[in-house]
Amino acid sequence: MILHQFRYDLLAFFRNRQLRFFTAVLPVVFLVIFVSVFGNRSLGHGVKASTYYVPGLAALGVVSGSFLNLVISVTAQRESGVLKRRRATPVPPSALIAGRALAAIVVALFVMAVLLIIGRFAFGVTLAASSLPSVTVTGVVGAMSFSCLAYALSTAIKDADAAQPMVQAIMLPLYFISGVFVPNVNLPHRLRDVAAVFPVQHLADGLHRAFGPTTHGAGFAWADLGVLVAWGAAGLVIALRRFAWTPSARAA
Amino acid sequence: MSDAVIEVRGLRKSYGAHEAVAGIDLDVRRGDVFAFLGPNGAGKTTTVEILEGFRSRSAGDVRVLGIDPADAGPAWRNRVGCVLQESAVEPGLTVRECLALYAGYYERPRDIDETIALVGLDEKVDAPGEHLSGGQRRRLDVGLALIGDPELIFLDEPTTGFDPSARRQAWSVIAGLRELGKTVFLTTHYMDEAEHLADRIAVIAGGRMVAAGTSRALGGREQMPARISFALPEGVDPEELPLPATMDGDRVAIEEAHPLSAVKTLADWALARGVDLPDLDVRRPSLEDVYLHLTGGPA
C-alpha cells in the first residue's frame, strides 16, 4: 500500500512544473552560478571554493527535495480537499503519509545525486569512494528529518498559496548563515551560533565533512547527524499532534 | 440484512451557542435515492459529514450500514463512497491514473475501464484531471466514489455552480447509480434536482426537518387545495360569482380541494351569464411552492 501510494506520488511530482522547478531545477541553477562565479577562489588550506560549494548546495538540494516539496504539496492537497477525499476511503492514513514521505526522500536523494554528478563532471569536484556511505547516510537522514519538519510546518500554513513563500522565507536566511551560499568561516561568531541551532547547517556540515580533503575514512559527522535526528523527531511530534486531513476552517 | 441503510434519531450538532443541526430523524432504505433538500446554511453539509464520519456530533444516535460512523474503520469505508462538496482533482494524474490510485485503496474495486465508461469519461481517460471541465471533474468525483464498489454513496451538492448542460450530465450519472442498485444520499439546494432524482425527499431548514416524504406527497402537497384563477370579466362584480373568491389585483382566485366540480360550477355560471372567464388557470401547488413555504421564503 505504501509503495502503491509512493508510485503515484512520485509520478505526480514529476508532472508538477512548480515543484519540479523549485525542488530540482533551482538547486542546479544555484550550483552552476555559485561554482562558476566563485569556484576557483581559494578558501585557504588548499581548498578550492568549488569543493566547498558542491556539498553545500547538495544540502540545499536535499532540503528542497524533501522539505520544500512536501510543504507545498501537503498544504495544497489538504486545502483542496484531496487529503479529505483520500480519508473517505479505507486506505490507512499511515500508508498515505509514508508513501508521500518516501517519494520526497527519493526526490531529495535524486536531486543530491544530480548535483554531485554535475559537481564531479562539470567542476571536477570528486568524492572519494570511501565517503560514499557517509554522503548517502547523511542525505537519507537529512531527507527524513526535513520530511518530518515539512509535515510539522504544513500544519501551521492555512493557505496553499502561502506555502512556497513561507518555506523560502525560512530557508533563504538559513542557507546564508549555514554555509550553503557563503562559507561560514567568513561569518561573525554570533551568526554561526544562531545557525548551529538549526538543522540546515548540520546537514551542510555533514556533507562538507564527507567531502573534506582532510577527511580520511568514512567521514561520518555523528554530532551533526544527531542534531538532524533531534529536529526530525521534534517535527514528527508536532506533526502527529497537529496534522489535519481536512481543509482549514473558513467562513462557511 | 436490515433494510435501513441510514438511521438517525435526535441528531444535534452545536458550534458554541449556535445549533447547526437541532434534532433530526432520518431513515434511508436500501436502494433508495434520498435527497436532503434545504437552503444554504440549513445544516445539510454538517449532517452529511456526520454520516460520513468526518464530524463529531453533539447528541443523537446515528447508524450507517449498521455502524456508528464516528467509530467506523476501513471495513466500513470499503462499503461507502463519498463525493465531497469540494474536492480538487489529484494533481498531476490522468483520469485513469486517478482511478487506479483509488482502486488500490479498496479491497474489491470495480473494473477501472468499466467505471470510466459508467461516468462517461471514455474520451478523457488519458487527460490530466486539471484539464477537465467542471462537469467532467464532478463525474470523475463520482467515479472515484464508485471505484470501491460501495453499497452507499453520499453526494454533497453534486451540481452546485453548474451550467444546465453540466447539471443534466451529472444527473444522468447519478440516475445510473440507481440502476446499479446503490443507495444514494444526496444533498442539494435545488428543488428540481431533488424532484428529478430522488425517490424520497427530506427538507431541512434552520437545522430542523420541516418535511419528509415522496416528492408528490411532500409537505402535504397532495392534500393542498388547487388554485383556480382567471381575469375578472368586464362588467362583473366579484359578489356575483357562484363560489367564494379572493381578488388578486384584477384576477380572481379560488382555492378548492376538488377543482373539477368547482370549474363546472364556474363554467355553468359564466355561460348562463353570457361572459367568458379569460386566462383561466387551474394549478396544483408545485414542489417549489411547497419548498418555499416550508423553508420560509426564496432560497
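A nonpolar core is a set of buried Ala, Val, Leu, Ile, Met, Phe, Trp, Tyr and Cys residues joined through C-beta atoms within 7 Å, where buried means that 20 or more other C-beta atoms, placed from the backbone, lie within 10 Å of a residue's own. The model is predicted, so local features need pLDDT of at least 70 and side-chain atom pairs count only at pLDDT 80 or more, while totals for chains, interfaces and linings use all residues. Residues are numbered from 1 along each chain as its sequence is written, and chains are lettered from A in the order in which they are written.

**Exercise 1.** Find the residues with the most contacts inside the largest nonpolar core.

*Solution.* Start with the core itself, which has 143 residues. Those with the most contacts inside it include Leu57(A), Val63(A) and Phe185(B). Next, look at helix 3 of chain A (helices are DSSP runs of H or I, at least four residues), which gives the most to this core, with 16 residues.

**Exercise 2.** Describe how helix 2 and helix 3 of chain A pack.

*Solution.* Take helix 2 (residues 17-38) and helix 3 (residues 49-79) of chain A: their axes, lines fitted to C-alpha atoms over the stretch in contact, are 9 Å apart, at an angle of about 165 degrees. That makes the two helices roughly antiparallel (over 145 degrees). Now classify the contact: 16 nonpolar, 7 polar and no charged residues.

**Exercise 3.** List the residues that Leu57(A) touches, leaving out those up to four places away in sequence.

Conventions:
Axes fitted to C-alpha atoms, helices over the stretch in contact; angles between N-to-C directions. Parallel < 35°, antiparallel > 145°, perpendicular 65-115°, else oblique. Nonpolar A, V, L, I, M, F, W, Y, C, P; charged D, E, K, R; others polar. Buried ≥ 20, exposed ≤ 12 C-beta atoms within 10 Å, placed from the backbone. Contact = placed C-beta atoms within 7 Å.
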